[in-house]
Every structure is written in C-alpha cells, then in structure tokens.
Amino acid sequence: MDGKPLATLRSTSGVPTGRLALWWLLGSEIVIFGGVLMSYLMHRIGHVEFGDYASHTNTLAGAINTIVLLSSSLTAVLAHDAAEMGNGKKAFRYLMFTVFGGACFLVIKSFEWSHEIHLGYTLQTNAFWHFYYTAAGLHALHVIGGMIAITIVAFQARKGHELQRVELVGIYWHFVDVVWVFLFPLLYIAK
Amino acid sequence: MAHAAAAHAHDDHGHHHEEGFIRKYFWSTDHKIICFQYLFTGMILAAIGGFMAYAFRMQLAFPGESVPLFGVVSPYEYNSLVTNHGTVMIFWVAMPVLIAAFGNYLIPLMLGCDDMVFPRLNRLSFQVFLLSAIVLIASFFVEGGAFGGAWTAYPPLSAKAHYNLTPAGSTLWVIAVALEFVAFLMGGINFITTTMNSRAPGMKMWDIPMVVWMIVIASILFMVSVGPLIAGAAMLVFDQMLGTGFFDPNRGGDPVLWQHLFWFFGHPEVYVVLLPAIGIVAEVMCVFSRKKLFAYKIVLYTAFATGILSFFVWAHHQFISGIDPRMANIFTVTTVLISVPLAEMMFVFIATLYGGSIRLTTPMLWAMSFIATFLLGGVTGIFLGASGADIYFHDTYFVLAHFHYTFYPIAIIGTMAGVTHWFPKMFGRQLNEFWGRVHFWVTIIAFNCIFIPLFVLGAGGQHRRIYDFQNYPDLAGQSMVNMRVFATISLVIMLVAQFIFIINFIYSAFRGKKVGRNPYNATTLEWVAPSPPGHGNFEEMPTVYRGPYEYSVPGRDEDYWPQHVPN
C-alpha cells in the first residue's frame, strides 16, 4: 500500500473515520463485557452466598487500583490536549505516564491475585471465583492491549506522525477505565 | 478466476508496478481480491459441508451400509458430521459469502469509492477467517475426532470431555467459532464505517442501494448480538480446559446460561444472514422487472424493526428447557410478531414485480424462487414459535425442514442470485444462460424434494440427531423409510447438479461472452466502473444525483436513469 485510499480520507458523516470506527469497536466491546457482567449478575441474584465469597476480596487494593486507572486517564486527556496543539513530544510524555499507570495497575493486581491464590481462592474454587478471575482477567487483557496500542501511538506522536491517533487511544483507555468502574463495585464492594 | 479479474485490473492505471502472485492474491488489500478470497473459501467449505450432509444422509437412508467415497459412518462420525455440517454452513458459508464477499465487492463499488476505509484491517479479517476455517478442519484429525455435540454446543455435553469423548475436538471447535467472530467483527466495523463515511459526493442516506443497507444493518446486528456469545465461548473453553464450572450446577453454575448466551446471538444471526440475501434479491428484482423498488423506505423501516425485534425472540429455542411458562408466552408473542415485518418485505417484492416488464434471466429466477421458498420456511416457523405446538415439534425433522427452508434460500439461493447477477462485473464475461437455467431448475426441484418429505417425517414424530432409525420400531415403518430414501436421493441429485454450476462458472470466467460496463442497463454505481473494475475502481470518481432505482421513468428516452448522470 502506497498512501491511503480515497475512501479513508472521505468523511461523509462529518466524524473522522478513525474515531467513527473506534466507537463501533467500543460498541462491540461493551456487549462482550455486558455478556460477562449480565451472566454474573444473574448468578449473583440467584446465589446469596456470593456475598460471603466477595468478602474475601481485597477492597483496599481494588480502590487503589481505581485511583491509579482514573489518574492514568487524566494524563491521556492531557496528551490529547498536547496533540491538538501539535506538540507531539509533549503528548508522548503524557502517554508514557498513562502506560506507567497501566503497569502499576497490573503490578498491584498481580500481588492481589497471588495473595488470594495463596489463600486457596483460585479460578476453580466456585462460580464466584470463576467470574471474579474471568471478568477481571478479561479486563486486564484489555489493559495490556491498551498499553501496547498507546506505546505504539506515543512513539509515532513523538515524531509528529498521526497525531489524531492520540485521541483515539485516549478514548479507548477511558473505556478500559469505565469497565473497571463497573467491575470494582460488582466484584469487590457488593458483599 | 481471480487471476482473470486481476489481470485486467492493471490495464486501467498507468502507475502500476508488477507484484508477485502471492502478494497480489494472498496479501492484497484490494477489496475485490478480498471478496474473491472470501467467495472461494466459502465455496470450498460449502462443498465440504455438502459432502458431510451426503455422508450422514446416506447413513440415515441406508443404515450401516458403506457410503461411497466415505465408508461406513460410525455413530461418533455421524455426530461430528451433523455438528460440523451445521457449523460450517452457517459460519463458514453463509456468513463469508453473503456478508463478507458481497459486502467487500459491492460496498465500495456501489458507494462510488476506491476501496474500504481500512484496507489492511480488511486483509487481516480474511486472514483470521482463514485461520478459523483451518482450525475447524484440523479438528477432524485430532485424537477423538471432531466435536459431535451439535452446532448449538449445549453444556454439559460440550463442556466435559468424558461426556462428549472429543477432548481436543470440542475445544478446537469453540476456538474456531470464536476466531470466526473476531474476523467478522473487524469486517463489520469496516463495512459500517465505509458506508457512513465514504459515499460518493451527493449520495444521501436514502440513495444507498438496498443491498448495502442490508449488509450494514446485518453487520450492526452481528456486532450487538455476538458479544455475549464471545463471553460464553470463553467460559466454555475455561470449563473444558481450566476446570471451571460456569455451566456446572454442582459448582454454582448453570447449563441454561449457555442456551441464553447462545440463542441471544443465534436468533439475530438468522437475520444477520437473511438481510443481505433480501438486499441481493431487491437489487436483482429491480433490474429485471425494470421498476423502482416498491416502498424503499418502508423496506428499510421493516429491516430496522426486524433487527430490533430479533433481540427479543431468542427463548423460543428453549421452550422445553424448563423456562417459566409465563416467559414462554411472552416469547411466543414476540416470535409471531417478527413475522409481520418479514411478511411486509415479501409483499413489497411482489408489489415491485407487479406490472413490471419481467425478464426471466438466471439471477431473476433465483430471486423469485427465494420469495417462494422463504415463504414456506417463514410460514412453518409460526408453528414452532407457538409454545404449545413447539412442545410437540421440538427437535423433530419438522424443525430441521423449517430452518432449511429459511437457510437454504438465504445461503444458497440468495448467493446464487448474487453471483449470477454480478458475474459480468466480477469477470467481464457473461455466465452461460442456458446452463445457468438448467442448474437452477435441477437445484430448486431437488431442494424441495429433499425437505418436503422431512416436514412430513417430522410431523410424524421423527426425531433429530438419531444415528439409526432401525432401533426405533415406530420410526422404521416402510413409508418412513421410503421418504428418507427419497430425500437422500434428491440430495445426491442436488449435489451432483452443483457440478453444472462449477463448470459453467469456471468456463464462463475464462471463455464466456465478453460484456461491457453495463450489460443489464442498470442504474447503480457499480455498473459505471469497467468490467472487471481495475485498481481504484473508477477512472473518474462518480457524483450521485438521485436514488438507486430510477427505472422506466416517464418522459425519458431510456428506461433507466443511472445515479451518476446529472440529468
């Protein structure tokens, strides 16, 4: 491929093509997480004992992780702001903070999970722990995917290329954030 | 065949550079080449799926006898053949051909642009699709053989290897299906974004050809419905591989959860493949009756209504799964309700034909037979949608005949209408009309001879998924055996008749009569491009001035008024 086709450059709807596609991608992601969470909720309603199992989760670690993720979204917004100004180098630095936030999230999560597995609450224990590890694991995969995408876009932005992509990875990162905002109360707080 | 198309592709643009065979046909980002990749992969898998049907139908008609070209069908093989016939025909034939192949070919051409908005994503989508097909076929050659727990894969049968006896096959099956979903999510985002953002200047929403609309609505339906099943597929693989118990009631799980996740996707999926076929039929009917599509906007509104309603009917597959009877009543009502918009579409097509100058070409024959056969499939669906009648009909051959009367018109008749209609555009040559009609009549008569007896057998109590009916004296009477043999012989005739099509297709692609840009005097934009279109599709990007179906407009010299002609 040399250059983009005319199709990519047109914008009949007025919304830039990349952003439009990203919203559709998020739409498909919402129903995937929606499927997991609805299945969990239906089980949760039918099983009172899930509340007891949930009391073994580490609410403090979850709360810290919520703050970490939300702060990393702030730097994603600042990166978008810098990219709008055409300052690719500044956007790169802010995006690196976002990636760092994602990494902190994963490190805290790994300590948390090691502790729980050590106590004997593994993926196989019962339906609550099936959902706990599956839903949070699916989310963690999205965190890793987002970190990779942000890193690639950040290095492009540093050279001043494809600055519009800074906004796109930012929107994606907010989505990852919002999913966690649903997971945290459902898996940790609802006792 | 693809070779012929792409060889011409280079004539039109001066700036081309020679590419190797692999780069041009396997690594291409051109939407037309990707269409051919999907089309031919779909056709090869249709042949595989048809061969599976042949093997297990022979076993049913002549139990225990050695089947020519296959050998004796064991009970395990029977199960995996039935399972994978269903899986292949829906996920690896109907979806890639109707949505991906026609979507890829028609969307950029009909919208008047040069390619999809994300050409590399498009290529990746096919590669993931191809990988999924390879994974599925590979499952036949692993220890224990291919998965045999039916295409619906209900747990606990699908979740535990000591029930289904296919430890590797069942996991490969789920992985193949999940990969296929990923491929179509990527393709769908491409289709939707292209249609929203890359239309030719002047093309408003109501100027988009119906088939493009239908493929886009189908992509949205697929995207919205498939998510829960992707989640369910992950849970099922965890149950199989990691020792979880999502679907195991002993450990706090629920087997019916899978049925909800599966059918929440599974029923909209019917409309995901139906709508593109309806769109193809609409295009063909307008061209060959030389009339404007009757009530363009109403067709669209009914398509939206169908799409929305399709999310509220899924539990009619579960009337005997122990759901609350009050719930069953609600789903009976929604199920009967969804026949209203579809009946409306059928009437719209009849109204489009009314008073037109109808030309019974091969694509038109296919399009009209779509209406006739799909009608029968739809009407028998009313029996099954009513929860009372369904308790008797559930899992009989009546159900089987019903959904073959819907899926066959969709996947085979709709595809044939499309392939024969756009063949001149794809290859720049005419498909042989005589052999096209011979193929049509043999196929359509044989198809009805297969499934009408199955309706009768099903109403007589013949249950699905039984390996050998001789073990059931009630189902082994001479008249039932006769009908089974009749259906099977009809199937063999129908399968053999497809060789007429294959030979006609290959011969016509290379040696058929050459045609110009617009052999049918049609109005939509794809007929503005050369046949076959070169790289970049149009020499000069068209501008749109009117709707897609301006045929027989009073006061004009010609009976068609193309979209791109200013006045």
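**Reading a two-chain model**

A: Start with a loop: Pro156(B) sits between H5 and helix H6 (161-164) of chain B. Helices (H or I, at least four residues) and strands (E, at least two) are DSSP runs, numbered from the N terminus. A cis peptide bond joins Pro155(B) to this Pro156(B), with omega about 5 degrees. The model is predicted: local features need pLDDT of at least 70 and side-chain atom pairs count only at pLDDT 80 or more, while totals for chains, interfaces and linings use all residues. Residues are numbered from 1 along each chain as its sequence is written, and chains are lettered from A and ligands numbered from 1 in the order in which they are written.

Q: Which residues does the other cis peptide bond, with omega about -10 degrees, join?

A: That bond joins Ser531(B) and Pro532(B). Pro532(B) belongs to the segment after helix H16 (478-511) of chain B.

Q: How many helices and strands does chain B have?

A: Chain B has 16 helices and zero strands. Its radius of gyration, taken over C-alpha atoms, is 24 Å, close to the 24 Å of the globule rule for 567 residues, so chain B is as compact as a globular protein of that length. The rule is 2.2 Å times the number of residues to the power 0.38. Along the principal axes, the C-alpha trace of chain B spans about 70 × 50 × 45 Å.

Q: What percentage of chain B is buried?

A: A residue is buried if 20 or more other C-beta atoms lie within 10 Å of its own, exposed if 12 or fewer, and partly exposed in between; the C-beta atoms are placed from the backbone. In chain B, 56% of the 567 residues are buried.

Q: What does chain A look like along the sequence?

A: Chain A reads α-α-α-α-α-α-α, with seven helices and zero strands. Its C-alpha atoms fill a box of roughly 55 × 30 × 25 Å along the principal axes. Of the 191 residues in chain A, 40% are buried.

Q: Where does H8(B) bend?

A: The bend at a residue is the angle between axes fitted to the seven residues ending there and the seven starting there. H8(B) bends by about 40 degrees at Val226(B), and Pro228(B) follows within four residues. After H8(B) comes Gly243(B), with a positive phi near 75 degrees.

Q: Which residues other than glycine have a positive phi?

A: Among them are Arg290(B), with phi near 50 degrees, and Ser552(B), with phi near 50 degrees. Arg290(B) lies in the loop between H9 and H10 of chain B and is partly exposed, with 18 other C-beta atoms within 10 Å. Ser552(B) lies in the segment after H16 and is partly exposed, with 16 such atoms within 10 Å.

Q: Is Val313(B) buried or exposed?

A: Val313(B) is buried, because 24 other C-beta atoms lie within 10 Å. Its place is the loop between helix H10 (296-309) and helix H11 (325-353) of chain B. Beyond neighbours within four places in sequence, Val313(B) contacts His267(B), Phe331(B), Thr334(B), Thr335(B) and Ile338(B). Val313(B) and Phe331(B) are 18 residues apart in sequence, with their C-alpha atoms 5.5 Å apart.

How values were computed. Contact = placed C-beta atoms within 7 Å.
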